[in-house]
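Hi,

Here is the structure I promised to pass on.

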Amino acid sequence: MRSARVSRRREHDDDGSTDFLNSFIIHDLERVASAVRAGAYGAALDAYLRMPEPPRTDLRKEPQVVFDHVAPERVPAGRWPQGPSLPLALSQQFAVNTIMSELAPGAGLFAVNGPPGTGKTTMLRDLIAANVVERALRLSRLPSTEAAFTGEMRWQTGGFRRVVSLWREELTGFEMVVTSANNGAVENVTTEIPGQKAIDALWRGEAAYFDEVATRVLGEPAWGLVAAKLGRKSYRMEFVSKAWYGTADEPGLRMSFETWQSTVTDSWATAVESFTLAYERVQALRRERTVAHDALRDLPVQQRIITRTTEQITVVEERLTALRTEIDDAERLEEAARQELTARKRSRQEHQQFQPSLVTALFTLGKASREWHAQDRALAGDVRSAEHALGTATARLEGLRQAAAQLTRERDSLRAESHTARCRLAELRSRLAVQRERLGRFFPDERWWTDEKHREMHTPWTDEAWNHARTDLFAEALRLHQAFLRTEATRMRRSLQAAMDVVTGEVPSGVPEQAGRAAWQSLFFLVPVISTTFASFDRVFAHLTREALGWLFIDEAGQAAPQLAAGAIWRSRRVVAVGDPLQLEPVMTLPFAAQQALRRTFGVQEEHWLPGRTSVQQLADHTNAYGTYLPGEDAPVWVGAPLRVHRRCDEPMFGISNTIAYDGLMVYGKHAESPIELPESVWIDVVGAGSSGHWIPEEGAALARILARLARDEVPPQDIFVISPFRDVVRGMQQVARRFPGVEAGTVHTAQGKEAKVVILVLGGDPQRPGAKAWAAKRPNLLNVAVSRAKRRLYVIGDRTSWSTQRYFNVLARDLPKLVLPPDDPADR
């Protein structure tokens, strides 16, 4: 251990850096460990720690499960203000629907696998909209705004008394936090969401939500105060200053609440009415699509009924035909038995006419009588036998006739069932024809079931009309929140003032958690989404414990070591981990030998708990029931709910990434863009005469020529990334890039979560240290990230012969044409 002086100004400026023994989360881990020992933890952390393996559904093999999960009844009522003609991709809608229908009502952990360019942020935005609308729906059903609260709590901050209103339980659980181990990822999400570009122009005025304050906080044009970047102390202080207090020229929200306190308004009733009408419109459209969805589900049911009844009718009629033959035979047998009985009776009757008289009996000493009686008994026996034979024949005939009657009834019943099914089928087809005409490409046709790529690109039911109505509802939900804030200005001003104490860390240590939680809930009512890194999580939410937050969205979860998330997950009811284990892995500063020593010391048997062997994403993936398998080092790897439609890169970058990392999982869905006047993506083959570490000067010269060409072609510097696997190379690239102001150069790791129109990958690699190339090619992750940053062009600079022998780089060489630069022309400098 070591200690060092830290400037008080930088005391809370967490940049996530630490040496390998001084962990910034150790105290929070101790707190979580104590809670776990006491059983004071929720379903999300339980799933994270136990890693249960539920029965798994491979979504690539089970389209019926996907179809059921994107049913209209599962689609959230609210939608992010994206263009109505731009629905979520099928895999995105599956994830949103499943999370909101299965995770939202309770608690737990859900994993979404997000390969590059597949719209992770787009999916998160729809989850945000869904939660805002759901809270608005519950607000709209209150008998009055006062009914939103159940009481008050107080504390003293310095010389000021703080009063916090306590919320009804059904209005809580909507607190949304975005977190990550990656500062850039957190900032990207929470600066993108409020920005004007995050919503379609159609709704920029209609959905405005404290847009002036949001613009001041964001530092650029914003449409709404829907997200705030907190985390380090300086961010929190800046938010409180700009959003709450403001200045004399640009007053903050505190002044707005003070103005509303003295203003009488009926905006609440008007907002409730508008929201209710918008909600009813969404539900009416939902019902129409539900009818179509149910009809599609019923269609094969009726077809199966028709097939089954047709087959059964055939069997029954075959049995009836056989029975009729048997009945004919039985009728002949019965008639023969009847005739035989008649003959036997006639014989006995004739015999009885010749019964000996008394005189004859006396004269024969009884012999005649004895003989007559013996024959009569024999004839009587013949009658009885004939009667029995007739009875048997009649019974058999009756049995056959009853069986035939039963089969006839079965046949008639089957015919009736078949007729009903045929009528129902005709009705369904007629109804579906109308819906097919109305919904167009949003109606799942036969190709939807048979063509996987087509299916992923065509999400059923979310057509423009319904998308428009759902987005209008989101805008009305925001207006309803604003109307509530105006109507309850006094309570909300006091609660938000207390929340500012919580945000800046000025709350006294003895304040009950319930009071601190209520203050946070008030802030989340105003600002639905707050972001922070794992490094700052325990300080931002120091007053909160088990399941105090409604939602935790972990971005770039594949980059997060598993221990980093424990405290955040413990504080959250519902956790959605979004990331990709096939992009960059967690950076562990603790040596692997030390990890092993700690594992053995604490008696942990399984090596998969080693932080150097796993990530938050991998642990979350393991618990997910829905997902698919991707190739792994030793065995297929299960990933949760994969997003599949890629909309970032042109070819060949998409194809390279999809081949080396995803086994063809991704589907190309990029919208056509205007052609650009730049050379096609190529591998610029450079063989160096020597190197300085991994830096090869000849590659630097090639880089300078490419950058000069791009400058002549007027490519903006901010559209260019120059990256390399090695720090030695980065230092050399930065020297070159200084001649082209604005061009960013860094390692592949620094490019995670970013994208650029043009990416230049400078490979380098000391010829005397071939192990470095093998390191870069050990897994697909590094090359996958490098390639998938490039939206339009990828230029690779390096020794093609030596690199193309490496795993994964052989695919890069196969798909990128080779280019050898001509001798240097001074004009190119």
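Before the notes, one cut-off: I call a residue buried if its relative accessible area is under 20%, exposed if it is over 50%, and partly exposed in between. Please also keep in mind that this is a predicted model.

Let's begin with the tryptophans. Trp 80 comes out at 1% relative accessibility, so it counts as buried. Trp 223 also has a relative accessible area of 1%, and is therefore buried. There are 28 aromatic pairs in the structure, and Trp 80 with Trp 223 is one of them: an edge-to-face pair, 5.6 Å from centre to centre with 85° between the planes. Trp 80 sits in the loop between helix 3 (63-69) and helix 4 (90-103), while Trp 223 is in the loop between helix 7 (211-218) and strand 6 (227-229), so this pair ties together parts that are 143 residues apart in sequence.

Another pair to look up is Phe 149 with Trp 167. Their ring centres are 4.8 Å apart and the planes meet at 50°, so the pair is tilted. Phe 149 belongs to strand 3 (residues 149-157) and Trp 167 to strand 4 (residues 160-167), and the two are 18 residues apart. Phe 149 has 11% relative accessibility, so it counts as buried, and Trp 167 is buried because its relative accessible area is 8%. Both belong to a cluster joined by ring pairs, made up of Phe 149, Trp 167, Trp 268, Phe 484 and Phe 525.

Rings also turn up with charged partners. Lys 229 lies over the face of Tyr 235, 4.3 Å from the ring centre. Arg 470 does likewise with Trp 466, at 5.6 Å from the ring centre.

What does UniProt have to say about residues 306-350 and 390-431? The unreviewed entry annotates both stretches as "coiled-coil region". In the model, residues 306-350 are 100% helix and 0% strand, with the end C-alpha atoms 64 Å apart. Residues 390-431 are likewise 100% helix and 0% strand, and there the end C-alpha atoms are 60 Å apart.

Is helix 21 (residues 616-623) mostly covered or mostly uncovered? It is mostly covered, with 6 of its 8 residues buried. Those are Val 616, Gln 617, Leu 619, Ala 620, Asp 621 and Thr 623. They pack against helix 2 (43-50), strand 2 (108-113), strand 8 (549-555), strand 9 (572-579) and strand 11 (637-640).

Leaving aside residues up to four places away in sequence, Asp 685 touches Gly 798, Asp 799, Arg 800, Lys 818, Leu 819 and Val 820.

Last, the cysteines. How many disulfides does the structure hold? The count is 0. Cys 423 has 41% relative accessibility, so it counts as partly exposed, whereas Cys 649, at 1%, counts as buried.

Cheers

How values were computed
Residues numbered from 1 in each chain as written. Predicted model: local features only at pLDDT ≥ 70, side-chain atom pairs only at ≥ 80, totals over all residues. Heavy atoms only, no water. Buried < 20%, exposed > 50% of the residue type's maximum accessible area, 1.4 Å probe, protein only. Helix = DSSP H or I, 4+ residues; strand = E, 2+ residues; numbered from the N terminus. Contact = heavy atoms within 4.5 Å. UniProt positions renumbered as here; feature names shortened; annotations may be inferred. Phe/Tyr/Trp six-rings, centres within 6.5 Å; stacked < 30°, edge-to-face > 60°. Lys NZ or Arg CZ within 6 Å of the ring centre and 35° of its normal. Disulfide = S-S within 2.5 Å.
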